[in-house]
Structures are given as C-alpha cells and as structure tokens.
Amino acid sequence: MTALVSTIAEVQQAVGRARDRNLKVGLVPTMGALHAGHVSLIRAARAETGFVVVSIFVNPTQFGPGEDFSRYPRTLEVDLDICRREGVDLVFAPAAETVYPADFHTYVEVHELQDVLCGPSRPGHFRGVATVVCKLFNIVQPAVAYFGQKDFQQARIIQQLVGDLNLPLEVRICPTIREADGLALSSRNRYLNGEQRSHATVLYRSLQEVKAAVEKGERDPVALQRHLAERITATPGAILDYAEVRSAETLRTQPRLQGDVLVAVAVKFGGTRLIDNVLLQVGD
Ligand code: AMP
C-alpha cells in the first residue's frame, strides 16, 4: 500500500511507525514526472531498505529567473501509479508553503563544488538543491538516500554536505538510465521536438568517444574537452554550455588525467538544457 501525504507531521508519523517496526528507511528525492531513471532509484531503495519514501516536490529555490519552474511537468496521478506499481511505501508531495513558510531564512551552500560545471550557468541552483535535500533528510531521517549519476555534480554536493554536516545517513549514487540510442532519461526530454531529440544523442556519443580516447591512452583534458566541444558545436541546433573533464572527487581541473575522472557536458537545444556525464577510472 502506497500512502500519499503532504504534511511534515504525517511523514514523521509514518516513518516513526516504520522505525518502530525496525524497518530501514530509504529516501528517493524527486521532482516528479517519474521515468525509468527514477524507477531505478526506487528499485535500489527497495532492494536495500524496508520502507521506501519518494518525495515529489518541484523545488522553487533551485530554479533561476527565466528557467522552467512554471512549465516543469507535474504529473502526480501518473507518478502515484508508478510508485504503487513499484511498491513505494510513502509518497511525500508537500506544498511549497510547507517546505518554505513565509518566515523561512536558512540556506545551505556547498562552496567550491557548487561553483563549477552547472554552477555558473545556474546561479543559486545548487543552494536550492542542497537546502531542500537537507530539509528532506531532516524530515524523513532516512538511513540511505538515492541519487542518479546523471546529475553527478548534485550527487557529489549532497555527499559533501552529508559528510560536512555529519548527517547520519548513507548516500548512494546509482547508474544513469538511458534510451536505446544513449540519451539519458530526463523529465526535460519531453520539451524536445523531433529534430532536437534526434540531435540530442550527441551528448552520449561524444562522451563515448572521449571514453574510447582515454582507453587508448589520451591523458590531456584540454584535448578531450576540445573534441567534445567540436562535436557538440557541429551538431545542428546544439548550443554548448560546457564540456569539461575534471576530477570526480574535487570537481577541479587536472593537468593530466588521473584517478576518478568526470567527463561532463551541458548542451542547450532551444530552451531545453540537457546534461550528461561519464565516470572513468584512469591509471597512468
Ligand atoms: P529529478 O526528478 O530530475 O530531480 O531527479 C530525481 C533523481 O532522479 C535525481 O537523483 C536524479 O539524478 C535521478 N535521475 C534523473 N534522471 C535519471 C536517469 N536517467 N538515470 C538515473 N537517475 C536519474
């Protein structure tokens, strides 16, 4: 049975009852418009915990002016069907005023990690994400929380805040789920028209080319970034936001690739901004 609640007290009661039954609590934070990427997180939570909470909240503080907050897809009924089918125990879908009452004044920032990659083109975005996720952690008090590698910078920021603030939970980063042609599933893919949709495969294709080049021995991040940028800018309708090769741990640039490496791209098609990445383990 999947229960739907919208208040913090209801969440606390339901989670408290689960904890009384010695069930481990798993949390999957989402903005709804659920797809197979979200479902993979729910299944990971189901496999590892006994009480799965999915939050559905289109978080206003993580959208900048001119971004898609008002037109972001809201599909609660379909989302609930998916949650029921997947055996989710509790769906928390709060109103904005519940999360941000009129006298709300506290924000969480993860410096450095929030300032690179998507940070410069989305000022305030990660502050909004870190703040809402911190609140969700405090409300639900999960033992484990699940995030997708598709939003790798976000997941790293959450890992960092959990460590820095000594939050008593584990963060799992789950693999990116893709369409058959490699496009990472995203609630925003539905904004793409047919032509944009077919050209959007350049993100995955160019990332795979970089992976192959690294496997062949390329260790120069600048050469790899140049390759990504050339492939993307040569694609009709694609506007490059960034193409970066960085340390997956610090998100800093490296003079020469080594260790856990993040290859990440952000590309706009019309008003739709898509991101994707691959992680590589690079030896000498
Ligand atoms: P969102 O609803 O877009 O905020 O995403 C909620 C969670 O689902 C985040 O942890 C995302 O990283 C994750 N997610 C989104 N798309 C995918 C995907 N294609 N594969 C795996 N996880 C995903």
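Reply: Helix α6 is largely enclosed by the rest of the structure, because 13 of its 16 residues are buried (buried means under 20% relative accessible area, exposed over 50%, partly exposed in between, with a 1.4 Å probe and protein chains only). Helices here are DSSP runs of H or I, at least four residues, and strands are runs of E, at least two, numbered from the N terminus. This is a predicted model, where local features need pLDDT of at least 70, side-chain atom pairs count only at pLDDT 80 or more, and totals for chains, interfaces and linings use all residues. Residues are numbered from 1 along each chain as its sequence is written, and side-chain values use heavy atoms, with hydrogens and water left out.

Now the charges. A salt bridge is a side-chain nitrogen of Lys or Arg within 4 Å of a carboxyl oxygen of Asp or Glu, and this rule gives 14 of them. In one, Arg231 meets Glu209 at 2.5 Å, N to O. That pair links distant parts of the chain, helix α10 (residues 221-233) and helix α9 (residues 202-215), 22 residues apart. Arg231 is partly exposed at 27%, and Glu209 is partly exposed at 27% too. Elsewhere, Glu48, Glu170 and Arg172 join in a network of salt bridges.
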